[in-house]
Amino acid sequence: MSATAGIRESRASDRYLGLFSQFNASAPGNDLAWLRKLREDAFVRFSEAGFPSTRDEDWRFTNLAPLVRTDFQRASESQRLPDAARIAALEIPKAACQLVFINGRFAPELSRKENVPAGIRVRSLASQIGHNPEALEPHLGGYLDTGRDPFAALNTAFLEDGAYIHIRKGAVIEAPISLLYISLGDGAPVMSHPRNLIVAEESSQATIVEDYVSLDGAIAFCNAATELVVGDGAVVSHYRLERESAAAFHISTLRVQQGAAANVSSHSILLGGALVRNNVNPVLAGDGAECLINGLFIGAGHQHLDNYMLVEHRRPHCGSRQFYNGILDDQAHGVFHGRIIVRREAQKTDAKQTNRNLLLSDGAQIDTKPQLEIFADDVKCTHGATIGQIEENALFYLRSRGLDEAVARRLLLLAFASECVDRMHEGSARSFVAEIIQNRVFGMAQRSPSESPAGLSAAGRRNLGEAL
Amino acid sequence: MSLLEIRNLHAKVGQHEILKGINLTVNAGEVHSIMGPNGSGKSTLAQVLARRESYDITEGQILFQGKDLLAMKPEEAACEGVFMAFQYPVEIPGITNAYFLRSALNAVRKYRGLDEMDAVDFIPLLREKAALLEMDDKLMNRSVNESFSGGEKKRNEILQMAVLEPKLAILDETDSGLDIDAMRIVARGVNAMRGPERAMILVTHYQRLLNYIVPDRVHVLMEGRIVSSGGPELARELEEKGYGSREPVTRGAVPA
C-alpha cells in the first residue's frame, strides 16, 4: 500500500468514527440493547476491515479510492422535500402502495399507503423500531454478513430507516409494493444507508420494487442493504432498479434467506451511477428452494458497474439460475463475479450461471469471473460467459430492409436487453421496468462500430469464462 | 431507362478480386437468372447490389432507376426499392417477425412520403401475405427466423418481399436446401409478384428452380465474369452439360 493511500485510509477511518459516534448517540431505538449492540458490533467490524482495496479478491476489479477520499456527511434532518409532482413522475402504475425515502429517511408526506391490501404490513423501519421492535428482533441483522462485507457492516452501523415489509402466511399480494429511494443534494456530499427488512411468511406471495433515483447531480453515496426472508413455499419477486446520477456512488446488497420450496426472483437493473456495486446473496437454506437471479447493467461514459453474486446452496434439491446481461459503451467498465457455493449437504444441486456482454466501443471493458466452490459430490453446476459486439450480419439484415443504421443498432440493443425483461413475470412491475430500460437503450449514443479487424480489442477481453 | 444497369463492375474482398468486369442490363418486367459454379461470384454480386459494405468496388458503375446505386447505403437502396432474399437469413432473437416487418414497411413508406401503418392495419396485410406462403400466424410472433427450418427461413424471405413490394428483387440461392413442396410454395410467391413494374434476378447454382420460375434471360457467371447469356434453354443446357462445358463463348454456340 502506498503511503498516501495509507494516510487517506486512516483519515477516512477517523471521519467515519466521528460520524458514527454522533449518529449512535441519538439513533432510533438506541435504548434497545440488542439494536445498540447490532450497530456497535457492526461498526467495530467495519473499523477493523476498513474499506476494501483491489487487493481483496472480492474487489479486485473495483477501485474504491474516489469513494474513500470523499468527505460524506449524513443528510441534515431538516432536509427540504422535493415537489410531489416530481415524485408522481416516478410512480409505478397500479402499485399497491409507495413508500418514499429522501436520502434514506422516510417521507410520509410524499408516500401513498391508502390501498395497502390486507395481509401485508408496510412501514418505515424507523417507525417500526419506535412502535414494535419485537417484530424486528428475530430477523433484523440476522442474515447480512457484516464480517465478510465492510459495506454491510457500515450499513448496519448506520442503520436508521428504510422499509419494513411483513407478508402474512398465505397472503397473496398481486400489486407491486413500491419503494422509492431518492438521493437529493444537501450542500455537502451526502451519504445514506437505507436498510430494508422484508419477511414473507410461509406460502405468501408478493412483488417488491426498490427504485434508487437521484433528483439532481450532487455527489452522493447510497449504501443500501435489504434482508429478504422467504418462508417455506413462499414466492417473492424482488426488483432493484438503480438509476442514479453520473456523480453517484451506489453500493447495494440483497441478502436472501430461502426456506423449503421457496421461490425467489431477483431482478437487478443498473442504469446510472458513477461507481456501482450490486451484491446479490441468496442462501438456499431449505430443501427444494429455487432462485432466479436476473440482471441487466448498461454503462456509458466512465461508469463502473460491478455485479457480485454469491449463491449459497445449503440444502439438497435446490436450483439456482443466474442470468446477467451487460451493455457497455464509451469507457465504461463492467464486472460480473459469479460465485456459487455448494455445501456438503446440498446434494442434487442444480446451479447455472450465464453472463452475456455486448461491447459497443474499443474503450468499453468487461471483467467476468465465475467462481464455483463445490463441496457436495452429486451436483450439476454450469457456467458460461460471452463477450461480443453487435452482430454485423444482423445489422446488415435490418438495414437491407430499410431500417437506418441508428434504428437498427437500437433495435438490436433493445433485443439484447429484452432477454432480461423476458425473465420477469408479466405485470405492472415488469411493464414499468421494461419502459425504463427501453428509454435508456434508445438514449445510448449512436455511432458506427469501432473498426477492429480482430473483432474485439485487447482491453475488451478479460477473464473469460468458458463460452456456453 | 432500364431499371438496373451494371457497367464494368469490379469488386474485391481484401486482395482477392471476385468480380472482374460485370456488365448487365435488367429492365422492369424482366426475370433474369444468374447461374454459376461455387466461387464464381454469384453471392458477391447479389450482396454488392444489396449494398453490403465489406466489398471494395475498384471499378465500374451501377445505375438503379438512373441513380448511382454504389453511392447508397443498404437502407437507402432498400427504400429505393432493392430487395435481396438472403441465402442464409440470420436469426435475430428479441425482435419479432411482425414487429420487424412493420418497422421495415414503415421505413419504406416514410421514405416515399406515405403515412406509417399502425399494427391494426398491418396485421391483416401480413396475414394475407403469410397465407400465400403457407406460413402460420404463430410464426409471425416469434423472433425473426428463430428456430425456423431452412424452408421456413426461405419462405420468410419471400414473405418480406411480398410485404415490401420492391422494384428489384434479388433472390440469392433461394432454392438451396428446399424440398419440392417448399420450392413450389416459394415459386408461387415469387411468380405472384412478377409484373411490369418489377424485375427479378434469380441467383442460382441449380437449374431446378427455373422450372418453377421461368426466367426471360439466363446468364452464366464464371470466375467473376458473365461468359454467356441466352434464353431459358441455356439453363437446361447447363443442367445437361455442366459448368465445365462452358468456355467464354458467344450466345447460342454449341460446345464440341
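1. In chain A, 16 residues are in contact with 19 residues of chain B, two residues being in contact if their C-beta atoms, placed from the backbone, lie within 7 Å. On the side of chain A that touches chain B, α7 (392–399) and α8 each supply at least two residues. The most comes from α8(A), with 6 residues. By class, that side of chain A has 7 nonpolar, 4 polar and 5 charged residues; Ala, Val, Leu, Ile, Met, Phe, Trp, Tyr, Cys and Pro count as nonpolar, Asp, Glu, Lys and Arg as charged, and the others, Gly among them, as polar.

2. This is a predicted model, in which local features need pLDDT of at least 70 and side-chain atom pairs count only at pLDDT 80 or more, while totals for chains, interfaces and linings use all residues. Residues are numbered from 1 along each chain as its sequence is written, and chains are lettered from A and ligands numbered from 1 in the order in which they are written.

3. Chain A contains an open sheet of 10 strands with mixed pairing, in the order β3-β2-β6-β9-β11-β13-β15-β17-β19-β21. Helices (H or I, at least four residues) and strands (E, at least two) are DSSP runs, numbered from the N terminus, and two strands pair if DSSP finds at least two bridges between them. The edge strands of chain A, β3 (105–106) and β21 (380–388), each pair on one side only. Strand β19 (residues 350–359) of chain A runs parallel to β21(A) and is joined to it by 9 bridges; Leu358(A) has Gly388(A) as its bridge partner in β21(A).

4. Helix α8 (residues 405–421) of chain A packs on this sheet, where it touches β15 (290–299), β17 (319–328) and β19 of chain A, and its direction makes about 155° with that of β17(A). Angles run from 0 to 180 degrees between N-to-C directions, and axes are lines fitted to C-alpha atoms, for helices over the stretch in contact.

5. In chain B, helix α6 (residues 150–164) and helix α7 (residues 180–192) pack at an angle of about 5°, with their axes 10 Å apart. That makes α6(B) roughly parallel to α7(B), a term for angles under 35 degrees. Their contact includes Ile158(B) of α6(B) and Ile185(B) of α7(B).

How values were computed:
Parallel < 35°, antiparallel > 145°, perpendicular 65-115°, else oblique.
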